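Me: I'd like to learn how to read a structure like this one, feature by feature. Can you walk me through it?

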Amino acid sequence: MVRDRLPAMARDSFEPIASLSEWGVHHVTQFLAANNVDGLSDDTIRIIHSLLTAGHTLTEALAVAQVLVKKAS
């Protein structure tokens, strides 16, 4: 498992993808806000939420959100 190969300090912040599938739309909204991604519609946030529940990573979801913000502006 990847977690076992991380330095001890990094293990505490490691979240398995399975736990992300339990995130609600509110969690996704907070994650995007924490990463300075604002201005997305509720429908777009639900799309990003569906990416996470389908097993995509936070990095992938954030990249999609950033592209969609640029297209909206």
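Reply: Let's begin with one term: two residues are in contact when they have heavy atoms within 4.5 Å of each other. Take Asp 38: leaving aside its neighbours within four places in sequence, Asp 38 is in contact with Ala 33 and Val 69. Keep in mind that this is a predicted model.

Me: Where does Asp 38 sit, and is Asp 38 buried or exposed?

Reply: You'll find Asp 38 in the loop between α4 and α5. With a relative accessible area of 52%, Asp 38 is exposed, because exposed means over 50%. Along the chain, Asp 38 and Val 69 are 31 residues apart, yet their C-alpha atoms are 7.5 Å apart in space.

Me: Let me zoom out. How many helices and strands does the protein chain have?

Reply: Six helices and zero strands. Reading from the N terminus, the order is α-α-α-α-α-α. Of the 73 residues in the protein chain, 19% are buried. As for how contacts span the sequence, take those between residues at least 6 apart: 54% of them join residues at least 24 apart.

Me: How do I describe two helices that pack together?

Reply: Two packed helices are described by the angle between their axes and by the distance between the axes. Here, helix α4 (residues 25-34) packs on helix α5 (residues 42-53) at an angle of about 105 degrees, and their axes are 9 Å apart. That makes α4 roughly perpendicular to α5, because angles of 65 to 115 degrees count as roughly perpendicular.

Me: Which residues of α4 and α5 meet?

Reply: On the α4 side they are Val 25, Val 28, Thr 29 and Leu 32, and on the α5 side Ile 45, Arg 46, Ile 48, His 49 and Leu 52. Sorted by class, this contact has six nonpolar, two polar and one charged residues.

Me: His 49 is on that list. Is His 49 buried or exposed?

Reply: Buried: His 49 has a relative accessible area of 17%, and the cut-off for buried is under 20%. His 49 is found in helix α5. Setting aside neighbours within four places in sequence, the contacts of His 49 are Trp 23, Gly 24, Val 25 and Val 28.

Me: And the charged one, Arg 46? Which residue does Arg 46 form a salt bridge with?

Reply: With Asp 43, and the closest N and O atoms are 2.4 Å apart. For a salt bridge, you look for a side-chain nitrogen of Lys or Arg within 4 Å of a carboxyl oxygen of Asp or Glu, so this pair qualifies. Both residues, Arg 46 and Asp 43, lie in helix α5, three residues apart, which is about one turn of the helix. At 42% relative accessibility, Arg 46 counts as partly exposed. A search of the whole structure finds one salt bridge.

Me: Now the inside. Which residues make up the largest nonpolar core?

Reply: It has 12 residues in all: Leu 20, Val 28, Phe 31, Leu 32, Val 37, Leu 40, Ile 45, Ile 48, Leu 52, Ala 61, Leu 62 and Ala 65. The elements giving two or more residues to this core are α4, α5 and α6 (58-72).

Me: Last one, on backbone angles. What is the phi of Asn 36?

Reply: Asn 36 has a positive phi, about 60 degrees, although it is not a glycine. Asn 36 lies in the loop between α4 and α5. Its relative accessibility is 67%, so Asn 36 counts as exposed.

Definitions and conventions:
Residues are numbered from 1 along each chain as its sequence is written. This is a predicted model: local features need pLDDT of at least 70, side-chain atom pairs count only at pLDDT 80 or more; totals for chains, interfaces and linings use all residues. Side-chain values use heavy atoms; hydrogens and water are left out. Axes are lines fitted to C-alpha atoms, for helices over the stretch in contact, and angles run from 0 to 180 degrees between N-to-C directions. Helices (H or I, at least four residues) and strands (E, at least two) are DSSP runs, numbered from the N terminus. Angles under 35 degrees count as roughly parallel, over 145 as roughly antiparallel, 65 to 115 as roughly perpendicular and the rest as oblique. Ala, Val, Leu, Ile, Met, Phe, Trp, Tyr, Cys and Pro count as nonpolar, Asp, Glu, Lys and Arg as charged, and the others, Gly among them, as polar. A nonpolar core is a set of buried Ala, Val, Leu, Ile, Met, Phe, Trp, Tyr and Cys residues joined through side-chain atoms within 4.5 Å. Buried means under 20% relative accessible area, exposed over 50%, partly exposed in between (1.4 Å probe, protein chains only).
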